[in-house]
Amino acid sequence: MRTVHVGLLGFGKVGQAVARASVLGRDRLRARGVDLAVTRALVRDAARPRAPGSPPVALVADPDAFFRHRHDVIVEALGGVEPAWRHVTRALERGTPVVTANKSLVAARGEELQGIAARYGTSLRFEACALAGVPFIGALERRPLVASLTRLSAILNGTSNFILSAMARDHLPFGEALGRAQSLGLAEPDPSNDVQGVDAAEKLALLAACFGARIVEPGAIETTGIGALAPSDLAQAAAFGGAIKPVAYASFGDAFVDAFVGPAFVSDRHPLAAVSGRLNAIAIDGRFVDGLFFSGPGAGPDVTAATLLDDVVEAVLWREAAANGTPWRGPRERATCRAPITPWFVRFEFPSGAPNESALSELLAAHRVWLRRAAPSEHAGSHDELGAITHACSRDHLERGLEPVRAATGGATHAVRVLEN
């Protein structure tokens, strides 16, 4: 039996869940020959009261004191880039494997951290950073040909997916659906990173580095939030044979990555259309394999903790097999990130009555925006509304076509991308 001493960076919800899962899963882990002992945690304030029933872990506020102890593996559960970067670097430079669910850290500094890990003969594992309950990163990491991706389409934020599912199912406005998510503990008091797409963009950048072999800055990805959507958008999408989902998309070329994060119309034929509630999912096409699909819970302290501890075991096994070489694939190339050319799903609001479809088509066609389909909304508010799907064009091209429609009618428009099958 191999006893593995685990140190925690942070002892919030996730850190406490890791300590709790190490006890609840002890028999299962021992059956695999590993006995995990979560011994201590580095915290900002060791005297601050913890939640009742918190697992018995020694709390240390002094980083030097924490690092004086021997840890076989360190689990980073702080979140954010600093001070996580400083502490993780220190651990790796001591040759200690690190496991993390911190997508902000890995998206911003993951390349450097993997280089440090390789230099000091250890490992950085981050399965829990995206789709925490779906063990696909490690599975693909061990299969380089299957993991040669050309395209991925994903739902990477369970909070946004829950909100859009509630809006579609119960015809709720965005604010009410968000409030429901907050009351259930699925959304933070400040949900900005989730509903504005920041969380999903960080995860998409991480996945691009893993499987597209390209470094993409999260801030370079076109990112749109879900707050401007109305219940009529969701109803019109259903009438058109699809749904609006919070999509993260990337297509990988030799030097470019075409990517976006934001709400998108998805046909019922696409596997993402059926992913509802808090679930996450990813659809993958590659050079050798098409049509891979993974789905499951994407977040939550308990599922994140289980994935982190599975990564701890992987880190131990990696160390024992280190003679076979580091799994790090070497430096990735930085890629130029572009917004893709896609069709668009557009909501038109007309305060004085909608023009007929022929007149609308002529206005748009004058600016080389071509309608594929249009129909009145049955769930509009006080204004006449029309839903439409265009043929593929750039966002700038679309906006040049929509502006004269707004000017001629006094109306408003809102557009989201269409994710094609």
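Select residues 149–155, strand β7: five of its seven residues are buried, so the strand is largely enclosed by the rest of the structure. Buried means under 20% relative accessible area, with a 1.4 Å probe and protein chains only. Strands (E, at least two residues) and helices (H or I, at least four residues) are DSSP runs, numbered from the N terminus.

The model is predicted: local features need pLDDT of at least 70, side-chain atom pairs count only at pLDDT 80 or more, and totals for chains, interfaces and linings use all residues. Residues are numbered from 1 along each chain as its sequence is written, and side-chain values use heavy atoms, with hydrogens and water left out.

Now move to α12 (301–320), which supplies nine residues, the largest share, to the lining of the second largest pocket. A pocket is an open set of points on a 1 Å grid over the protein atoms alone, where a 1.4 Å probe fits, with protein on both sides within 12 Å along at least five of seven lines; lining residues have an atom within 4 Å of a point.

Of the 24 lining residues, A306, L309, D310, D311 and V313 are the closest to the centre. Finally, select α2 (26–31) and α6 (137–141), which, like α12, each give two or more residues to this lining.

Key: Buried means under 20% relative accessible area, exposed over 50%, partly exposed in between (1.4 Å probe, protein chains only).
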